[in-house]
Amino acid sequence: MKIYLCAAVLCFLFCSAAAQETDEIVIEMTGDSVSRPNEPSLWNFSAVQLTRKLRGKTREQVLYAVPVVSDKDRIVRSTGKEYALVEYYSGGDFRKFLFKAESPQTFVAAAANAADVLAVNKKYGINIGLPQAVFETFYAGQISAESSEFLPKGTILYKMLYRDINTPSPYNRWFLFEKNELSHTFENEADKNSYLDSLKKQAEGSSPQTKRQTARSSRQNRTVRKALISGGTAWDRANLPRVNNPTLLPTPSLKKADK
């Protein structure tokens, strides 16, 4: 019995000494995360799947269901209409949710990639935003850049044979990116050329040569008007306006040179 007691004491002392030599004892616990039922997952579902989940929901219900805070929440406008846009970002991924602006703000559409964004833009006549890098990566090999000496520095214009679920027959569309973001979409070549012509006129109007020509033309077209100060012929007195209280320059007098 004494032998067992001594062994137990020695074991306790040994463990105590070993514990004192270490800085701390760390206990780690792991477990499965708890999620609410029917909670939409932003990064695991496509726009089509999210649309099915969120159909009929209001903006308030969607914001409450998503377990993270939105990165952007703003109003976008089309001709005669307004929409509420809620955006989430994670690295290079994004999820965009479009709602009606008027109350109740019911769900309209979702976008999870570049094709979704362009389809939503086209269908609703708006621009919900698309980074240039995302566009270039998604449509690699399907787009071609068009050059123009009148495009501002840092601006790029892409041409693409476009189609989507609502556009079964492909046709050419042009996409303009400014400051690495989609800024304009041109539905046909005439609209694109009209925009480039406007840039050309702006560039020509601000050139030094044009400014000199404009100033010269202004001087040439200046209207000269006459008015009667004093004297004049009978026609002058009958037809010309008369200047009241004129300020006259002194008339130099002619003197004979001293001899």
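**Entry 1**

I began with Lys192, which forms a salt bridge with Glu146, and I found their closest N and O atoms 3.2 Å apart. By salt bridge I mean a side-chain nitrogen of Lys or Arg within 4 Å of a carboxyl oxygen of Asp or Glu. This pair links distant parts of the chain, as Lys192 sits in helix 6 (residues 189-205) and Glu146 in strand 5, 46 residues apart. My helices (H or I, at least four residues) and strands (E, at least two) are DSSP runs, numbered from the N terminus.

A note on what I am looking at: this is a predicted model, in which local features need pLDDT of at least 70 and side-chain atom pairs count only at pLDDT 80 or more, while totals for chains, interfaces and linings use all residues. Residues are numbered from 1 along each chain as its sequence is written, and side-chain values use heavy atoms, with hydrogens and water left out.

Is Lys192 buried or exposed? I read 6% relative accessibility for Lys192, so it counts as buried. Glu146 is partly exposed, with a relative accessible area of 23%. My cut-offs are under 20% relative accessible area for buried, over 50% for exposed, and partly exposed in between (1.4 Å probe, protein chains only).

**Entry 2**

I count two strands as paired if DSSP finds at least two bridges between them. As background, strands of a sheet pair through backbone hydrogen bonds, either parallel or antiparallel.

Contact means heavy atoms within 4.5 Å. I also followed strand 7 (residues 167-178), which pairs with strand 8 in the antiparallel sense over five bridges. One detail I liked is that Glu178 has Glu181 of strand 8 as its bridge partner.

I moved on to another open sheet, where four strands run in the order 1-2-3-4 with antiparallel pairing. Strand 1 and strand 4 stand at its edges with a single partner strand each, so one side of each is left without a neighbour in the sheet. I noted a twist that averages 25° from one strand to the next.

How many bridges join strand 2 (residues 81-90) to strand 3? I found eight, and the two strands run antiparallel. Across this pairing, Tyr88 stands opposite Arg95 in strand 3. Helix 4 packs on this sheet, touching strand 1, strand 2, strand 3 and strand 4, and its direction makes about 145° with that of strand 4.

Strand 3 (residues 93-100) and strand 4 run antiparallel and are joined by four bridges. They form a hairpin with six residues between them, and Phe97 stands opposite Ala110 in strand 4. In strand 4 (residues 107-111), five of the five residues are buried, so this strand is largely enclosed by the rest of the structure. Helix 2 (residues 47-54) lies across strand 3 and strand 4, at about 160° to strand 4.

**Entry 1: back to the charges**

I went back to the salt bridges, of which the structure holds six. In one of them, Arg59 pairs with Asp73, with the closest N and O atoms 2.5 Å apart. Arg59 belongs to helix 3 (residues 59-65) and Asp73 to strand 1 (residues 72-78), so the pair ties together parts that are 14 residues apart in sequence. Asp73 is partly exposed, at 38% relative accessibility.

Lys96 and Glu87 meet in a salt bridge of 2.4 Å, N to O. Lys96 is buried at 2%, and Glu87 is buried at 1% relative accessibility. I see that Arg74, Glu87 and Lys96 are linked in a network of salt bridges.

Last, I checked Asp116, which is found in helix 4. Asp116 is buried yet has no salt bridge, and the nearest side chain of opposite charge, Arg95, is 7.1 Å away. For charge, Lys and Arg count as positive and Asp and Glu as negative, while His and the chain ends are not counted. Leaving out residues up to four places away in sequence, I found that Asp116 touches Ala47, Ala110 and Ala111.

Terms used. Axes are lines fitted to C-alpha atoms, for helices over the stretch in contact, and angles run from 0 to 180 degrees between N-to-C directions.
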